[in-house]
Amino acid sequence: MSSEDTSPETYLFENDRNIPNSDYPLLVYRNVFSGTGGEGAAWLEHLFSENGWDNCWRWTIYPFHHYHSNTHEVLGIFQGSADLCIGGPAGKKMTVKSGDILVIPAGLAHRCISSSDGFTVVGAYPGGKSPDLIRAEESDHDTAVKRIRQVAVPDRDPVLGITGGLVKLWK
């Protein structure tokens, strides 16, 4: 992988008074790596940790709209593909596959609509933060917005480190 040459796609989602979403864009890095299975997962864990994103886990993405109000999240897909809904029920449908990485700002709702067998991701958080889990339909919007505004922009992008990504795009 040559992450120095990788520029993410960016997507903004508005606060709809139910889902806070974020003033920062979702970052989607496509085809960043080719490793799959355990090899791909270990590579992602190393990359994320090297850039200060820890508390890694391997699993899938919940099938309900949810967000985190106390931290940003990175998801690296190392197995299979999935259709996601980003931004809540009125958001955008997006297909992701092995080799893609999503950097999700605090407050941005996401859910898995459908996936291939074995679809698995590595997730991590800046500074190893432990995320809260807020189901969109059960959230106290105004309280969540206050927490989201307190979440600092990380010093490093989980993919590009100090050279780009959120370091430049989330100013």
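The legends below describe close-up views of a predicted model. Local features need pLDDT of at least 70, side-chain atom pairs count only at pLDDT 80 or more, and totals for chains, interfaces and linings use all residues. Residues are numbered from 1 along each chain as its sequence is written, and side-chain values use heavy atoms, with hydrogens and water left out.

**View A. His72 in the loop between strands E4 and E5.** The side chain of His72 reaches the backbone nitrogen of Ala106 at 2.9 Å. A polar atom of that side chain also lies 3.1 Å from the backbone oxygen of Ala152. Not counting residues up to four places away in sequence, His72 touches residues including Trp53, Tyr125, Pro154 and Trp170, where contact means heavy atoms within 4.5 Å.

View B. Ser69 counts as buried because its relative accessibility is 0%. Its side chain makes a polar contact of 2.4 Å with the side chain of Asp132. A polar contact is a pair of N or O atoms within 3.5 Å; within protein, one must be able to donate a hydrogen and the other to accept it, and residues adjacent in sequence count only if both atoms are side-chain atoms. Leaving out residues up to four places away in sequence, Ser69 touches Asp132, Ile134, Ala144, Arg147, Ile148 and Val151.

**View C. The aromatic cluster of Trp59, Tyr62 and Phe64.** Rings of Phe, Tyr and Trp (its six-membered ring) pair if their centres lie within 6.5 Å; planes under 30 degrees apart count as stacked, over 60 as edge-to-face and the rest as tilted. By this rule the count comes to 4 aromatic pairs. The ring centres of Trp59 and Tyr62 are 5.4 Å apart and the planes stand at 70°, so this pair is edge-to-face. Tyr62 and Phe64 form a stacked pair, 4.9 Å centre to centre with 25° between the planes. Trp59, at 48% relative accessibility, is partly exposed, as is Tyr62 at 31%, whereas Phe64 is buried at 16%. The charged end of Arg135 sits over the ring of Phe64, 3.7 Å from its centre (NZ of Lys or CZ of Arg within 6 Å of the ring centre and within 35 degrees of the ring normal).

**View D. The buried residues of helix H2 (residues 141–149).** These are His141, Ala144, Val145 and Ile148. They cover an arc of only 100° around the axis, so they lie on the same side of H2; the arc is that of the directions from the helix axis to the C-beta atoms. E4 is included in what covers them.

**View E. The largest nonpolar core, of 19 residues.** A nonpolar core is a set of buried Ala, Val, Leu, Ile, Met, Phe, Trp, Tyr and Cys residues joined through side-chain atoms within 4.5 Å. The members touching the most other members are Tyr29, Leu44, Phe48, Trp53, Val74, Ile101 and Val103. Strand E2 (22–29), helix H1 (37–50), E5, strand E8 (101–104) and strand E10 (120–126) each supply at least two residues of this core; H1 gives the most, with 4 residues.

Technical notes. Buried < 20%, exposed > 50% of the residue type's maximum accessible area, 1.4 Å probe, protein only.
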